[in-house]
Each structure stands twice: as C-alpha cells, then as structure tokens.
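Here's a quick briefing to read with the model open next to you. Grab a viewer and follow along.

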Protein chains: 6
Amino acid sequence: MFAKLFANATVAHAHCDLYCGVYDPAQAKIEALSAVKTAKKYAESDDEVFRARCISIKEEVLEKTKHHLMVLWADFFAPPHFEEFPQLHELFWKATHQAGEAKKSMDPAVGEQLLAYIDEIAEIFWKTEKAQAMGVYPPA
Amino acid sequence: MFAKLFANATVAHAHCDLYCGVYDPAQAKIEALSAVKTAKKYAESDDEVFRARCISIKEEVLEKTKHHLMVLWADFFAPPHFEEFPQLHELFWKATHQAGEAKKSMDPAVGEQLLAYIDEIAEIFWKTEKAQAMGVYPPA
Amino acid sequence: MFAKLFANATVAHAHCDLYCGVYDPAQAKIEALSAVKTAKKYAESDDEVFRARCISIKEEVLEKTKHHLMVLWADFFAPPHFEEFPQLHELFWKATHQAGEAKKSMDPAVGEQLLAYIDEIAEIFWKTEKAQAMGVYPPA
Amino acid sequence: MFAKLFANATVAHAHCDLYCGVYDPAQAKIEALSAVKTAKKYAESDDEVFRARCISIKEEVLEKTKHHLMVLWADFFAPPHFEEFPQLHELFWKATHQAGEAKKSMDPAVGEQLLAYIDEIAEIFWKTEKAQAMGVYPPA
Amino acid sequence: MFAKLFANATVAHAHCDLYCGVYDPAQAKIEALSAVKTAKKYAESDDEVFRARCISIKEEVLEKTKHHLMVLWADFFAPPHFEEFPQLHELFWKATHQAGEAKKSMDPAVGEQLLAYIDEIAEIFWKTEKAQAMGVYPPA
Amino acid sequence: MFAKLFANATVAHAHCDLYCGVYDPAQAKIEALSAVKTAKKYAESDDEVFRARCISIKEEVLEKTKHHLMVLWADFFAPPHFEEFPQLHELFWKATHQAGEAKKSMDPAVGEQLLAYIDEIAEIFWKTEKAQAMGVYPPA
Ligand code: NI
Ligand code: NI
Ligand code: NI
Ligand code: NI
Ligand code: NI
Ligand code: NI
C-alpha cells in the first residue's frame, strides 16, 4: 500500500533563488513520490507504451527532484546550518545521487530510499528558525 | 506579515499525466506564494537589478502555477467531479486567468486573489475520494 | 490518407500572455497533427528505436498542444465569450484531457478526436471579433 | 495598423525531426509576429513593468522563432532543394541572424525584416513537392 | 577505444546571443561526444530500461548539439567569414542535419560523423580573429 | 582585460547521469565566463534594453552553471573522492551558492569568485583517474 509509504514521513517541500523567501521540501518530495509510484506501476504493467512512458516520466520527475534539492541545499541552507548539522552536505549528496540511481532503476525501493533521505532533510529543515518564516507545509 | 497571508489557507499541491497517481494543489500554491512574496519584495526595493529580477522570476513562477493548475484540472478532475462541483470549470478558468493577471501586476493583492482561488480549488480537491489516495499534504 | 484527415478542418493556431495580441489555434493544431502522424508511423514500424522515439516525441508535442490550448482558454477567451458559447469551458476541458489520452495511446483515432476538438475551438475562435484583430491564419 | 503588416504575406509555419512529417513555416511566423507586436506595444507604454516584460517575452518568442527556423532548414529542406534554390542557405542564415537582431532591438522594423525573410522562406517552402504532403496552412 | 576517437580532434565549444562575447565549439562537441558514447553503451547492454534511457538521453544531448551549432552559425560567424570560408553554410547544414540523423540511429558511426563535422567547424572557428577574443578552449 | 581573467585558469567542463561517461568542468566554466562578461558589458552600457537583457541572460547562464555543477558533484564524484578531497562538498556548496550570488549582483568580481571556485573544482577533477577516461578538455 502506497499510503503506508509516507504515513509517518515528515512533510517536505523546496524553492528558487531571488530569493523570494519561499522554501519547502514538499516540492522535492512530491516529485520523488511520483517516481516511486511510477516504478510500481511499471512493474504491474506489460503494456510496451505505458512502460516506455514510465521510464521517461520517472526520468523527468527525478530531474525535478534533483533541482529542488539543489535549491534547498545552495539557497536555503547557510554556513551556520552546516555547522549545526555537520552531516548535511553528505546527506544532500546522498539524496541527489540517489535521485540519479532512481533514474537508473525500476525498483521502487531505490526511490523509497530517496524519499527517506528527503525526509531526513525535511526534518532538519523544520528544525531551523528560517523555516518557520519561509516554509509552507510544516509537519502536523 | 506574510505568515498571516496563508494562516487559514487550505493546503494546496499538483502533478503530471502518466498518470502516476500523485496530485496535490501544493505545487500550484508554493509557486503562487512565491509570486506574492516577490511582488512584496519588489515594492520594498529600489535596486534596479533586484526589481528586474523580481519581474522575470515572478513571470516564471506564475507560468509554473498555470501549468500545475492545468494538470489538476485536466488530469485529476473528471466528469463526475464537474457534475458535483458545477462551478469548477469557471473556478479553474478564474485561477489560471488570475495567474496571467498576476504576471502583469506588481500589486501583491493580485497574487493574493490567485491564492484565494487556489485555496478554493484545494478545498474541493480534498473533498474528493480520489484525493485521499493521491494527495500528499492533506489539510491538518 | 493523412491529407484527408484535415481536408475540411477549420484552420487552428494559439499564443502567450503579455499579452502581445497574437493568438491562433494553428499552434495547437500543428502539434496535434504531429501526434497523429507519429502514432501512424509507430504502427507501421517495427524498429525498436524508432518506436521508442515515437512514444517520447508524441509525449512532447502533446504537452505543447496542452500548453497552447491553455493559452487560448485562459488568455484569449474572456467572460463574454463563455456566456456566448456556454459549452466552451467543457470543450476546452475535453480537448486538454484528450491530449493527455493521446499521450497514453498509440491509436491515431485518439489523436484524431483531439483534432476534432481543436477544430471546434477554432471554429468558435474565428467567430469572435477579437480573432479578426489577433488571429493569423483565418479559414480560407 | 498590424493587419497591414502581413496583408500580402505568404503564410508561414515549422516542425520536429522524428521525423513526423508535419512541417509549416507558420510556427516561425506566429512567434515572429508576436515579437513585432510586442515591440510596438513597448513603444506605446511607459509602464516600467510592462516594458520589462516586453523585453523578456520578445526574447523568448524570438528564441522559438530561431528554433522553428532551424527545424525547417535542417530537417525539412534537403540537398536537392539547396541546388534548386541556391540562395536558401544564406536566406536561412539571414533570417536566423535577424531573429537575434530583433532580440537586441525594440524597433518594430527589425522584426518586420525578420518577417520578410520568413515569408521568402515560406514562398520557397510551398513551391516544393514535399510541402504538399507535409505542410498544414498553404497560402490561400 | 573512445579515447582514440577524439585523439587528434580539434577542440570545440559554443554560446548565446546577448551577445555576451563567449563562444566555443566545445559546447556542441561535449554533447555530441555524449551521444556517441551513449550509442556505444546501448549496443553493449541488453537491459530494457537502460536502452530506453539511452534513446531518450541521446535525443536530448543531440538537441543541445543542434542548439549550440545554431548559436555558432547565426551569432558568431558573420558575412565576411562566409566569404572567406565559402563551404561554411553547407558545413553547418551538414552538421545540424547529421545531429538529426544521429537521433535516429544507434550506430556510433553516425555520431562520429557528426563529431567530424564539428571538428571541421572548430578548425575554422579557431582560424578567425574573433575566436582569439571570444573562444575559451583553443587547441593545444 | 578579460583574456587575463582566465589566463592561468585550469580548464573546466561538466555532464549528465545516464551515465554516458562524458564529464568536463568546461560546461560550467563557459557559462560562468558568459556571466562575468555580461556583468562587464552591463556596466559599460546605458541602453535600457541591453541592460535588462544582461540581467535576464546572466540569470539563465548562471542557472546552467548551477546545473552543470550539480551534475559533476552528484554524478561524477563518488565517496572515495570525498574522502581523498575532504573539502570537496563545501567547495561545491560554495560554487553553487556563489552562482546564486552572481545572479543577484552585476559586480563582475562576484562572477570571478565563482570562476575561481570552478577552477578549484576543475583542478581536483583532473587529478582523478576517472577524469582521464571521461574528461574532454584536459589542461594543456
Ligand atoms: Ni523562490
Ligand atoms: Ni504525475
Ligand atoms: Ni503572445
Ligand atoms: Ni515533427
Ligand atoms: Ni553568450
Ligand atoms: Ni552524460
């Protein structure tokens, strides 16, 4: 069941570098969820056209995931955050790299690992003071 | 205060037509919020470069808003929804058209009206059964 | 025969929201025609690479079709038009939704139905006074 | 008067390299017309925001014009055409280069010269046998 | 061996029409090299997903190749260059058209011919005085 | 003098995640050079249109710079590299963040600092064994 997949997940969104002051890991998360669901639908189908579309659409939503992650990493987080959360650079590398892995694989587990990384990032995001002013979908 | 702007707002997200089965008015909403904040920052600045960037970045986030609205309208909602919510076509037209108006204006009120339309759409979205399975950020 | 396909078709073009004042259903129509021809070529080929390219190129031209339709709907047509042509909202929904259906199917008939909707839109377009000033390819 | 601008103009359209078999100089022409109208509206306005949008939207429609020209040149026209119409390479260079010039200038005359080049291309396009099968909007 | 492929190749780069004054055939060349390597990897794989991705990624890098070629042709080179190098228009047509051919084929030789054309263009590029001021990666 | 700007610079290029096996910091570098030159031309001009175009074109080339940096960071470099070059994560953050700063500023020095970071990345890139097989423009 997909609903279970993000049942306990921290909500997550992301944004641009005007900077406009709106950031939320949700943007990365929605695209990554789309990739996971697409991988699952691919496995359940034997329609050549549908499967080909799954591969290219998954590619595209994961590229968007990478973009949204880059925005959060380079534009929202600042040196004091990297001091406070010393694992943050590596966590972003893992998430961005994992999005590339998820392009290569139709195994939903690869995308679910990506979601797990995004949730870790979201958890840190919502611990910052900056997120209180700039985030949109705080965890309930 | 920006926080006040969406204090009582229904959460809102949106997505693609594989269809992957992930939809959420949040995507439209985040971009529209970015447009509103950008309009406000424009008004507070007298830096020529910053103001020029505000105009073009607002253009871009509103184009994304329009795209996310189109996806919700054409891919998520189906004939039975339009019967149940007879104002839905017109509401989507108003929202999409308003995004165009918000490109033309630096008055934050124009973007706030867009947000109001997106919130109306989100409210309807979350009333549907389909949204329970496919939405990501249900209202708290 | 493809020539027959649009023999009696109303010409059709589409455009952006500056607004610059140039609109024509032709833009939507050319992309939709490309989708139909691509579906036909797909059926006639057994080259794996060609067929894969057909699927993704059709996807892309139909996304452009959707975009051009959205521009016509939200930027060219205005409330008085929706009063005069009460079926217009639904017609645009059907056309935009059908473009999504045409992404999913390699059956040229699905794209031909899309063309039929675009032709209906074009017919209404050319009945408006606004189109006289802003259209580019009026029906012969 | 804009209507006068293309009163005697040969119709003109353009397309992709599957190849799908749909080509028409109309695509290049519609974007170029949009650039000309935008330049004219720029001259008539003293609204800072509107003028800034004119500059960037004109940039974008001219980039699309260049793209559509490249498709016609590299994908539709073939060596026998270049033998039959020896000026064709240079004509395409002039048109594509002129689109760049039209980005740099707000003088509508620069865009009108671009339209004139596109019309020359369209005239040659419609003289070819290939255009009978692949064109969409033949001159009336 | 891929290394051999460009062992004696003239370096090659490309750019935009502000104009900013930075041009280099390297941009076209890197994308074209990516297409060749992708075609080779396609031949060596029997993974359905990998092969589908090869087809669409090759498509994309070749589209970028075409774009970079168009920029060099229309923005960098000027009438005096076309007089001095009378084959230049045809050479650009061949290169741009060959990029289209390379989209259609998984035979690396098709992409290698594209590289050969780009190298010819690069050789002429670096013979111009303009390239001394605007090029970035002159041949060693 | 611009020529001086990159006189002793390490060459630098970048690429996609098929992965096709072509990577080079040159791609990031060419876009960043374009941003620096654009900032200089902006300072020398008092043409309103030219200056507006400088702002938006610089925005675009810097967005491409960020993209190329992300590809190098997430797709080319791997955990062993981050162990060998412990400053690499932070260096990439600084470069990507600096590209955002260079969007905000018309001071060429901001872009020159970006170039300095890209050169540091390129120097590390060319020290890796992987670059010998996958790089295109090694330092002379
Ligand atoms: Ni933003
Ligand atoms: Ni989707
Ligand atoms: Ni327009
Ligand atoms: Ni085509
Ligand atoms: Ni440039
Ligand atoms: Ni690559």
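Predicted model: local features only at pLDDT ≥ 70, side-chain atom pairs only at ≥ 80, totals over all residues.

Across all chains, the count of aromatic pairs comes to 57.

**Aromatic pairs**

- Take Phe77(A) and Phe92(A): they make an edge-to-face pair, with ring centres 5.7 Å apart and 65° between the planes.
- That pair ties together distant parts of the chain, since Phe77(A) sits in the loop between helix 3 (48-76) and helix 4 (79-84) of chain A, while Phe92(A) belongs to helix 5 (residues 88-104) of chain A, 15 residues apart.
- Phe77(A) and Phe92(A) are both buried.
- Over in chain F, Phe125(F) and Trp126(F) also pair edge-to-face, at 5.0 Å centre to centre and with 85° between the planes.
- Phe125(F) counts as buried because its relative accessibility is 0%.
- Trp126(F) has 11% relative accessibility, so Trp126(F) counts as buried too, the cut-off being under 20%.

**Charges over rings**

- In chain C, Arg51(C) lies over the face of Tyr42(C), 4.1 Å from the ring centre.
- In chain D, Lys130(D) lies over the face of Phe76(D), and here the distance to the ring centre is 4.8 Å.

**Where chain D meets chain B**

- Five residues of chain D are in contact with seven residues of chain B.
- Together the two chains bury about 540 Å², with carbon and sulfur atoms giving 55% of that area.
- On the chain D side, Glu48(D), Val49(D) and Arg53(D) lose the most area to chain B, and together they make up 79% of what that side buries.
- There are two salt bridges between chain D and chain B; one of them joins the side chains of Glu59(B) and Arg53(D), at 2.7 Å from N to O.
- Four residue pairs are in polar contact between chain D and chain B, both partners at pLDDT 80 or more.

**A look at Thr128(C)**

- Thr128(C) lies in the loop between helix 6 (108-127) and helix 7 (129-134) of chain C.
- Thr128(C) counts as buried because its relative accessibility is 4%, and the cut-off for buried is under 20%.
- The side chain of Thr128(C) reaches the backbone oxygen of Phe125(C) at 2.7 Å.
- Leaving aside residues up to four places away in sequence, Thr128(C) touches Phe76(C), Phe77(C), His81(C) and Phe85(C).

Conventions:
Residues numbered from 1 in each chain as written. Chains lettered and ligands numbered in written order. Heavy atoms only, no water. Phe/Tyr/Trp six-rings, centres within 6.5 Å; stacked < 30°, edge-to-face > 60°. Helix = DSSP H or I, 4+ residues; strand = E, 2+ residues; numbered from the N terminus. Buried < 20%, exposed > 50% of the residue type's maximum accessible area, 1.4 Å probe, protein only. Lys NZ or Arg CZ within 6 Å of the ring centre and 35° of its normal. Contact = heavy atoms within 4.5 Å. Buried area = accessible area lost by both parts, 1.4 Å probe. Salt bridge = Lys/Arg side-chain N within 4 Å of Asp/Glu carboxyl O. Polar contact = N/O pair within 3.5 Å; in protein donor to acceptor, adjacent residues only side chain to side chain.
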